[in-house]
Amino acid sequence: MTQQHQSRLRLHDTATREVRDFVPLQEGRAGIYVCGLTVQSEPHVGHVRSAVNFDVLRRWLTASGYDVHFIRNVTDIDDKILAKAEEQGRPWYNLAYAMHAELTTALASINVLPPTYEPGATGTVPEMLELISTLIARGHAYVAEDGSGDVYFDVRSWPQYGELTRQGLDDMEPATDADPRGKRDPRDFALWKGYKKSEPESAAWPSPWGPGRPGWHIECSAMASKYLGPAFDIHGGGVDLRFPHHENEQAQSRAAGMPFASYWLHNAWITTAGEKMSKSLGNSLLVPSVLERVRGIELRFYMVSAHYRSHVEFSFEALEEAAVGFLRIENFLKRAEVIEAATELPTELPDAFVAAMDDDLGTPAAVAVIHDLVREGNTALAADTPAAAGIASQVRAMLAVLGLDPADPAWATTNGAGDEKLREAVDVLITALLEERATARAEKDWARADAIRDRIAAAGIEIEDTPSGPKWSI
RNA sequence: GGUGGGUUGGCCGAGAGGCGAGGCAACGGACUGCAAAUCCGUGUACACGGGUUCAAAUCCCGUACCCACCUCCA
C-alpha cells in the first residue's frame, strides 16, 4: 500500500508551474531542504506557517512509506542580525542564539517535528569556501577588483540565469546587496562579503580572498549539498524567496556542476490587515502571545485548514472559529474514548483522505474528510454501534498525519502527573455533585438539578447527559 | 517597466467546464424534564462586461480592485 502511495503523490513545482508526479531520485527515499529563518527576532505566526506546511509534507511522505531526510537551516549571520545586535548592544551571536532558542520553542509548541538536522550558516563556512572556489575556477565567479574582498557570482556567465522565475536578465532591477563598484554587472550577487572595519571581528572568517562572511545565497547551496548531496528531491521555502534567493541558489549550484533540487515548493504568506507581518506593529502576533488565546493544536489546525499555496489573511476571529471546529473533532474522540487508548493507529487511511493529500497536499479537502468521518462516527455513537471505535481511530490516524493527534505526547505541555492527580481530585468532587443531581432528577426536582449544573458550569465545567450517564469536561 | 498570484454565500475556506467540499454562525426539526452535545433539514455564492459551449464560478477577451517578488524577508 505504501508503494502505491509513493507513485501517486503530485506536487506543485514552481520551476515548471504545474502540479506533477513526484518521482524521487532514489526509490523510497526523499531528501528535502527548507529555508528556515534568519534568527534576528522572535518568531510570529507568519514565520511558523512555512514550518507547519513543510512539516505536513514531511509527515505525509513518511506516512507514504518514504525514508525522509529533512534539512531546515538557520541563517545565524547576516546584515540584519549584525544591525539589530548593535542596536541592542549585545554580541550578534548572542542575539542569533537567543532567537534560535525562541524559534525552537515556538515550533515545538505547534508540534513541528525537529528536522533530521538543522545546520547553521556559521557552521558551514568551509563548504561555502569550497563551493565559491569551484565557481571561480569554472569562471562563474570573480573576486571584486576594488580590493573590498567581496566575491561575486557572474550572472552573465550563466545563460540559464532567471530560469526558475522566468525572468529576463535585462528586465531585472539590479541587486543592491553590496556596493556595486566592484561588480561587472549590477545584477551580480555577493557570494562572499569582505570584512569591513565597522563590523565586529567575530563576524569574520578567514578565506582565500581575505577575512569576511558568507553571502546569503551561498549558504543554502552549501548546506543543501553537504547534507543531501549534489542532487536532491525537494527544496522549499516561502514565496518571497523565489527571487532572488532561490534563483541564485539554483544558478550557483548548477554552475558548480550540481543538478540541485528536482522540485521547488513555495508556501504563501499569512498576512494581517493586508500587510506582511514583519511590518505590523506590536507583538500580539508573536507565537507565545497567540498561544495565550488558543492552544497550539488549534493554531496548527487553523494553518492546516488552508492550502499551503493559499494566501491567508490572519484574524483572531477566524482563528477562534477554527478552534471551535477542532473542538468538535476532539469531542468526538473523547466520546469514542480512543484518546486515552494507546492503541496502534491504523496505517490504512480513507481513500478520500489519501487522494486529497496526494493532490499537492490538499489539506482543506483532507480536513473535510475528517469532518465527514466525525459525523459518521457521531451517528454510530448515538446508535451505540461498535463501528464508532474504528472510525475514531481512523480519525486519529488522519489527524496524526497532519500533526494534529490530540493524544500525541508532544501536546502535553505541563507536568502530566500533576495534571492527572488534579483531574482525579476534580473527578471525585464532580461525581459527588452529579450524584446529588441524579437524586434531584429522579425526584423530578428540576430546579435543584439545574442549580447544581449551573454551579458546576460556573466553575467552567460542562455537563453532558449521555445514555451511559452524565459526563463532565473542562 | 518585468514576473507571478488573487477577487467564491453572513463569516472562514475548497473546487477549477455539467452533479452546491467542509467548517463556523443563523433558522427549522428530532432527541432531552429543560439544556448541552449529537443527528436531520434549510442557503440557488463565485468582482464586473462581453464571448466560446448543449452546458462556464471553472475556458477566452476586456475592465476594475487587491497582493507578492524584482532590496532583507516564511
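How do the axes of helix 10 and helix 13 cross, and within what distance do they come? The views below are taken from a predicted model.

**View 1. Helix 10 crosses helix 13 (residues 387-401).** The two axes come within 9 Å and cross at roughly 135 degrees. Angles over 145 degrees would count as roughly antiparallel, and 65 to 115 as roughly perpendicular. Helix 10 and helix 13 are therefore oblique to each other. Their crossing is left-handed. Helix 10 makes the contact through Phe326, Ile329, Phe332, Leu333 and Ala336. Helix 13 contributes Ala388, Ile391, Ala392, Val395, Arg396 and Leu399. By class, the contact has 10 nonpolar residues, no polar ones and one charged.

**View 2. Protein residues surround RNA strand B.** There are 53 of them, and the closest are Trp216, Gly238, Trp269, Lys276 and Glu321. Charged residues number 21, polar 17 and nonpolar 15. Helix 12 gives the most to this surface, with seven residues. Other elements that each supply at least two residues include helix 2 (45-63), strand 9 (231-238), helix 10 (316-336) and helix 14 (416-442).

**View 3. Polar atoms of the protein meet RNA strand B at phosphate, sugar or linking oxygen and base.** A polar side-chain atom of Trp216 sits 2.7 Å from a phosphate oxygen. An N or O atom in the Arg17 side chain is 2.7 Å from a sugar or linking oxygen. Gly46 uses its backbone: a polar atom there is 3.0 Å from a base nitrogen. Of the RNA atoms within 4 Å of the protein, 62% belong to sugar or phosphate, and the rest to bases.

Methods. Residues are numbered from 1 along each chain as its sequence is written. Chains are lettered from A and ligands numbered from 1 in the order in which they are written. This is a predicted model: local features need pLDDT of at least 70, side-chain atom pairs count only at pLDDT 80 or more; totals for chains, interfaces and linings use all residues. Side-chain values use heavy atoms; hydrogens and water are left out. A residue is near a molecule or strand if one of its heavy atoms lies within 4 Å of it. A polar contact is a pair of N or O atoms within 3.5 Å; within protein, one must be able to donate a hydrogen and the other to accept it, and residues adjacent in sequence count only if both atoms are side-chain atoms. Helices (H or I, at least four residues) and strands (E, at least two) are DSSP runs, numbered from the N terminus. Ala, Val, Leu, Ile, Met, Phe, Trp, Tyr, Cys and Pro count as nonpolar, Asp, Glu, Lys and Arg as charged, and the others, Gly among them, as polar. Axes are lines fitted to C-alpha atoms, for helices over the stretch in contact, and angles run from 0 to 180 degrees between N-to-C directions. Angles under 35 degrees count as roughly parallel, over 145 as roughly antiparallel, 65 to 115 as roughly perpendicular and the rest as oblique. A crossing is left-handed if the near helix is turned anticlockwise from the far one by less than a right angle, and right-handed if clockwise. Contact means heavy atoms within 4.5 Å.
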